[in-house]
Amino acid sequence: MTNDQVTLDGWVLGKLRERLRKASIIASRTGRPVVLYRHTIEEMDHSAEEEIATVNEQYVVVQVITHGGFIPPNFQQQYVFTFEQFPDWIMKRSNELLAMCLESLDQEIVD
């Protein structure tokens with residue numbers, strides 16, 4: 001990895017951390033979490049398994065949920081991250097999900 005790439009990654013992570021903190025203020029004021037992304041993992045007939053990431057007043061929460069059809073909504077997995085931890089995790093996980101987070105935050109936060 002080049003120094004330019006390390007610098008760019010650091011800048012993106014810093015921007016994401018800053019926007020997560022701003023989103024937490026919005027969540028605190030509205031009493032509702034801010035959705036970072038919804039990602040469908042699998043769809044079958046009328047049911048789906050979906051990953052949803054949200055920001056609340058203190059944390060980023062990532063949940064994998066099954067729902068629809070004859071399946072009652074069910075939480076399969078849940079991860080809780082601090083605003084410092086989440087950017088590193090999402091960057092290692094998926095550039096697509098990272099881009100979705102930034103896009104969602106850009107729409108939610110008006111500077």
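Strand 2 and strand 3 run antiparallel and are joined by 9 bridges, where strands (E, at least two residues) and helices (H or I, at least four residues) are DSSP runs numbered from the N terminus, and two strands count as paired if DSSP finds at least two bridges between them. This is a predicted model, in which local features need pLDDT of at least 70 and side-chain atom pairs count only at pLDDT 80 or more, while totals for chains, interfaces and linings use all residues. Residues are numbered from 1 along each chain as its sequence is written, and side-chain values use heavy atoms, with hydrogens and water left out.

On its other pairing, strand 2 (residues 47-55) meets strand 1 in the antiparallel sense, over 9 bridges. Here too there is a hairpin, with 2 residues between strand 1 and strand 2, and Asp45 in the turn has a positive phi of about 50°. Tyr37 has Ala53 of strand 2 as its bridge partner, and Val35 has Thr54 of strand 2. Strand 2 is mostly covered, since 8 of its 9 residues are buried, buried meaning under 20% relative accessible area, exposed over 50% and partly exposed in between, with a 1.4 Å probe and protein chains only.

Taken together, 4 strands form an open sheet in the order 1-2-3-4, with antiparallel pairing. Its edge strands are strand 1 (34-44) and strand 4 (71-81), each of which pairs on one side only. Neighbouring strands of this sheet are turned by 15° against each other on average, with direction ignored; the axes behind such angles are lines fitted to C-alpha atoms, for helices over the stretch in contact, and angles otherwise run from 0 to 180 degrees between N-to-C directions. Helix 2 (residues 85-93) packs on the sheet and touches strand 1, strand 2, strand 3 and strand 4, its direction making about 35° with that of strand 1. Helix 3 (residues 95-108) lies across strand 1 and strand 2, and runs at about 140° to strand 1.

Within the sheet, Gln63 is found in strand 3 (residues 60-68). Is this polar residue, Gln63, buried or exposed? Gln63 counts as buried because its relative accessible area is 18%. The side chain of Gln63 is joined to that of Gln78 by a polar contact of 2.7 Å, a polar contact being a pair of N or O atoms within 3.5 Å, of which, within protein, one must be able to donate a hydrogen and the other to accept it, with residues adjacent in sequence counted only if both atoms are side-chain atoms. Leaving aside neighbours within four places in sequence, Gln63 is in contact (heavy atoms within 4.5 Å) with Glu50, Glu51, Ile52, Phe75, Gln77 and Gln78.

In soluble globular proteins, nonpolar side chains tend to be buried together. In this model the largest nonpolar core has 22 residues, and those with the most contacts inside it are Leu16, Leu20, Leu36, Tyr37, Val60 and Phe86; such a core is a set of buried Ala, Val, Leu, Ile, Met, Phe, Trp, Tyr and Cys residues joined through side-chain atoms within 4.5 Å. The elements giving two or more residues to this core are helix 1 (3-30), strand 1, strand 2, strand 3, helix 2 and helix 3. Not counting residues up to four places away in sequence, Leu16 touches Phe86, Pro87, Ile90, Leu98, Cys101, Leu102 and Leu105. Leu105 lies in helix 3 and is buried, with a relative accessible area of 0%; with the same exclusion of residues up to four places away, Leu105 touches Leu16, Arg19, Leu20, Ala23 and Leu36.

Finally, ring pairs link Tyr79, Phe81, Phe86 and Trp89 into a cluster. Phe81 and Trp89 form a tilted aromatic pair, 4.7 Å centre to centre with 35° between the planes; rings of Phe, Tyr and Trp (its six-membered ring) pair if their centres lie within 6.5 Å, and planes under 30 degrees apart count as stacked, over 60 as edge-to-face and the rest as tilted. Phe81 counts as buried at 10% relative accessibility, whereas Trp89 is partly exposed, with a relative accessible area of 23%.
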